[in-house]
Amino acid sequence: MELFQAKDHYILQQGERALWCSRRDGGLQLRPATDLLLAWNPICLGLVEGVIGKIQLHSDLPWWLILIRQKALVGKLPGDHEVCKVTKIAVLSLSEMEPQDLELELCKKHHFGINKPEKIIPSPDDSKFLLKTFTHIKSNVSAPNKKKVKESKEKEKLERRLLEELLKMFMDSESFYYSLTYDLTNSVQRQSAGEDPRPLWQKVHLTARAGFAPSNL
């Protein structure tokens, strides 16, 4: 899945569809892939494996988009349905600030000739990725008076702590699995009760929607 940066949106594109993520209000919109021609100067940032969702860490802070940066195939279910484990994530601020280096795999279509390994080598310390993100946030914060300086520091502290927990939850627990073609959130008995014409992302169990239900658009 290709990730593009445009003036007002981040765009995730795969096949004939694209997910437009607003950098102004965090809104999400599914659009035809051909609408990329309407985006303002789109730049391909690299490839991601999927979208986990979005989160707002504080009411005064922007929304964050959580992406699957790296996965590992753990097995297959009957019917040749692949089950993958999330091993790396990336967080992207849905705001007008410039994104930090997400360490994504380069897209061969848009990064032809760039000398970089095709596979991302895992960092020995994943906290470096978080530190890079937080440092970028801090550099974009302005505070014209002492009161706002204090409030800004408190929000930065909260944001950093929550990002640390988010990173640990996905990268250290090794407990997040998904399938792009099979509903892992419902029992086999429930799924065999009758055919459901809805797409997978709409029929997954309600409890999964509140937690983890990755999308392949």
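**Close-up views of a predicted single-chain model**

Of the 217 residues of the chain, 37% count as buried (under 20% relative accessible area, with exposed meaning over 50% and partly exposed in between; 1.4 Å probe, protein chains only). This is a predicted model, in which local features need pLDDT of at least 70 and side-chain atom pairs count only at pLDDT 80 or more, while totals for chains, interfaces and linings use all residues. Residues are numbered from 1 along each chain as its sequence is written, and side-chain values use heavy atoms, with hydrogens and water left out.

**View 1. Elements along the chain.** The chain contains 5 helices and 9 strands; these are DSSP runs numbered from the N terminus, helices being H or I of at least four residues and strands E of at least two. Their sequence order is β-β-β-β-β-β-β-β-α-α-β-α-α-α.

**View 2. The five-stranded sheet.** An open sheet is formed by 5 strands in the order β4-β3-β2-β1-β5, with antiparallel pairing; two strands pair if DSSP finds at least two bridges between them. Its edge strands, β4 (28-32) and β5 (43-47), each pair on one side only. Strand β1 (residues 2-5) is joined to strand β2 (residues 9-14) in the antiparallel sense over 4 bridges. Within this part of the model, Glu 2 stands opposite Gln 13 in β2.

**View 3. The four-stranded sheet.** A further open sheet has 4 strands in the order β6-β7-β8-β9, and the pairing is antiparallel. The edge strands are β6 (50-56) and β9 (177-178), each of which pairs on one side only. Strand β8 (residues 81-93) pairs with β9 in the antiparallel sense over 2 bridges. Lys 85 has Tyr 177 in β9 as its bridge partner.

**View 4. A nonpolar surface patch.** Val 74, Tyr 177 and Leu 184 form a nonpolar patch on the surface, with about 260 Å² of accessible area together. Areas come from the Shrake-Rupley method with a 1.4 Å probe. Val 74 lies in strand β7 (residues 63-77) and is partly exposed, with a relative accessible area of 45%.

View 5. The structure holds 0 disulfides (pairs of cysteine sulfur atoms within 2.5 Å). The closest cysteine sulfur to that of Cys 107 belongs to Cys 44, at 4.2 Å, too far for a bond. Cys 107 is buried at 4% relative accessibility, and Cys 84 is buried at 5%.

Key. Patches are made of residues with over 30% relative accessible area and no salt bridge: like charges are joined within 9 Å, nonpolar side chains (Val, Leu, Ile, Met, Phe, Trp, Tyr) within 5 Å. A salt bridge is a side-chain nitrogen of Lys or Arg within 4 Å of a carboxyl oxygen of Asp or Glu.
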